[in-house]
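Have a look at the fold below, and keep the sequence handy.

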Amino acid sequence: MKLPVRYLALLPALAPMLAAADGEAYRYYLAGNPGDVRTETRGLIVMQGGGDDVDENYRRMGEFAGGGDFVVLRASRADEYNDYVLALCGCDSVETIVFEAREAAFDDFVVETIREAEALFIAGGDQSRYVRFFKDTPVETAINELAARPAPIGGTSAGMAILGEFAYSAMSSASATSAAALADPYMADVTLERSFLRLPMLAGILTDQHLLERDRLGRTIVFLARLLADGWTDRGRAIAADRETALHIDPATGLATVYATDTHETPYVWFVEARNRPEVCRPGVPLTFGGITVQRLGPGGRFDLGSWHSRDAERYELEVTDGAVSSTRGSAYGP
């Protein structure tokens with residue numbers, strides 16, 4: 001007889017087999033102690049641009065979680081994170097919930113697992129599934145409550161994409177590319193979401209990932225142009241990270257530090273600010289947009305989100321003319 005998924009926490013040895021049963025709205029996996037512990041937590045926001053994970057993410061999240069229960073949220077794959085994170089974070093347990101349907105976000109066990117967590121990490125994949133499954137549900141509320149406790153919250157790739165107040169929601173069948181978005185800022189692939197998660201220090205900020213690897217700075221600029229042109233904000237700001245590169249933010253102070261793997265050749269985090277509304281941003285017409293400032297920061301570099309400034313960053317200015325990006329001061333972006 002198939003047991004309800006909510007009972008799987010009591011059967012950690014059988015959880016992977018039972019959780020995969022057909023018809024469930026989610027799958028649940030556990031490594032470590034199945035019991036709940038309560039520890040003192042501190043706030044930390046971890047954002048990685050995808051690729052191989054930065055070990056320091058989980059060491060520091062475990063430290064800020066006080067060694068409590070670490071929860072991973074996914075919308076694809078299985079429990080690849082559990083043993084890896086448990087070996088690094090010094091936590092009581094690592095639990096993974098894989099969402100298969102929106103109904104899971106209303107399940108009591110799922111919601112309580114998130115509320116009782118001491119750390120939460122959102123894996124990569126397809127951020128449109130997170131938006132469809134979490135938006136306006138008890139899971140969204142639980143994540144926001146956990147961040148406000150405060151406790152460490154993190155995400156990589158698609159998981160990073162949804163951490164800001166503004167997000168590229170990827171609701172179309174194809175991911176937006178820089179070339180196509182610059183040629184038409186209102187093309188079908190440019191889908192944006194707002195007021196999803198409410199994390200400290202990320203108000204008014206859009207996030208993007210895999211920046212250099214997938215040539216995405218152009219589309220990040222388009223996203224900011226849209227936010228300004230559509231009246232969603234009067235100050236366009238974005239944080240974008242390349243693969244194998246993470247930004248750790250202290251939400252109490254707004255101070256952030258870059259971490260990266262030892263092997264990636266272009267480990268940067270990019271802080272992009274648009275001071276003015278775009279000159280031309282309308283459907284079917286290439287973007288024209290000036291006054292864009294970029295600060296690029298490498299491993300060990302520190303950034304103050306409050307002042308939007310870093311002494312460690314390389315700075316330059318960009319403009320977009322008829323869909324073409326060029327540098328007006330400093331060097332063009334690149335390795």
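Thr328 is partly exposed, since its relative accessible area is 44%; here buried means under 20% relative accessible area, exposed over 50%, and partly exposed in between, using a 1.4 Å probe and protein chains only. This is a predicted model, where local features need pLDDT of at least 70 and side-chain atom pairs count only at pLDDT 80 or more, while totals for chains, interfaces and linings use all residues. Residues are numbered from 1 along each chain as its sequence is written, and side-chain values use heavy atoms, with hydrogens and water left out.

You'll find Thr328 in strand β17, residues 324-329. Helices (H or I, at least four residues) and strands (E, at least two) are DSSP runs, numbered from the N terminus. Which residues does Thr328 touch, if you skip its neighbours within four places in sequence? They are Glu317, Leu318 and Glu319, where contact means heavy atoms within 4.5 Å. Glu317 sits 11 residues from Thr328 in sequence, and their C-alpha atoms are 5.5 Å apart.

**A buried alanine**

Now try Ala246, which belongs to strand β11 (residues 245-249). Ala246 counts as buried because its relative accessibility is 0%. Not counting residues up to four places away in sequence, Ala246 touches Met47, Gln48, Val54, Asn57, Thr257, Val258, Tyr259 and Val269. Val46 is 200 residues away from Ala246 along the chain, yet the two C-alpha atoms are separated by 6.7 Å.

Two of those contacts lead on to other elements. Asn57 is one of the buried residues of helix α2 (residues 55-64), along with Tyr58, Arg60, Met61, Gly62 and Phe64. After α2 comes Gly66, with a positive phi near 65 degrees. Val269, meanwhile, is part of β13.

**Strands side by side**

Strand β13 (residues 269-274) is mostly covered, with 6 of its 6 residues buried. In a regular strand the side chains alternate between the two faces of the sheet. In β13, Val269, Phe271 and Glu273 point one way, Trp270, Val272 and Ala274 point the other way, and all are buried.

What about the partners? Two strands pair if DSSP finds at least two bridges between them.

| Strand | Partner | Sense | Bridges |
|---|---|---|---|
| β1 (residues 26-32) | β4 (residues 93-99) | antiparallel | 7 bridges |

If you'd like to trace the pairings residue by residue, Ala240 stands opposite Trp270 in β13, and Glu273 has Thr293 in β14 as its bridge partner.

Most residues other than glycine have a negative phi, and most peptide bonds are trans. A few places here go the other way. Arg77 is not a glycine but has a positive phi of about 65 degrees, and its place is the loop between β3 (69-74) and α3 (80-89). Is Arg77 buried or exposed? Arg77 is exposed, because its relative accessible area is 55%.

Ala170 also has a positive phi, near 55 degrees. Ala170 lies in the loop between β7 (166-168) and α8 (178-183), and at 14% relative accessibility Ala170 counts as buried. As for the peptide bond, the one joining Arg149 and Pro150 is cis, with omega about 5 degrees. Pro150 is in the loop between α6 (138-148) and β6 (152-156).

**Stepping back**

The protein has 9 helices and 17 strands. Its C-alpha trace spans about 65 × 40 × 30 Å along the principal axes. Of the 335 residues, 59% are buried. Among contacts with a separation of 6 or more, 72% are between residues 24 or more positions apart.

The accessible surface comes to about 13,000 Å², and carbon and sulfur atoms account for 48% of that; the areas come from the Shrake-Rupley method with a 1.4 Å probe, and for residues only the protein chains shown count as cover.
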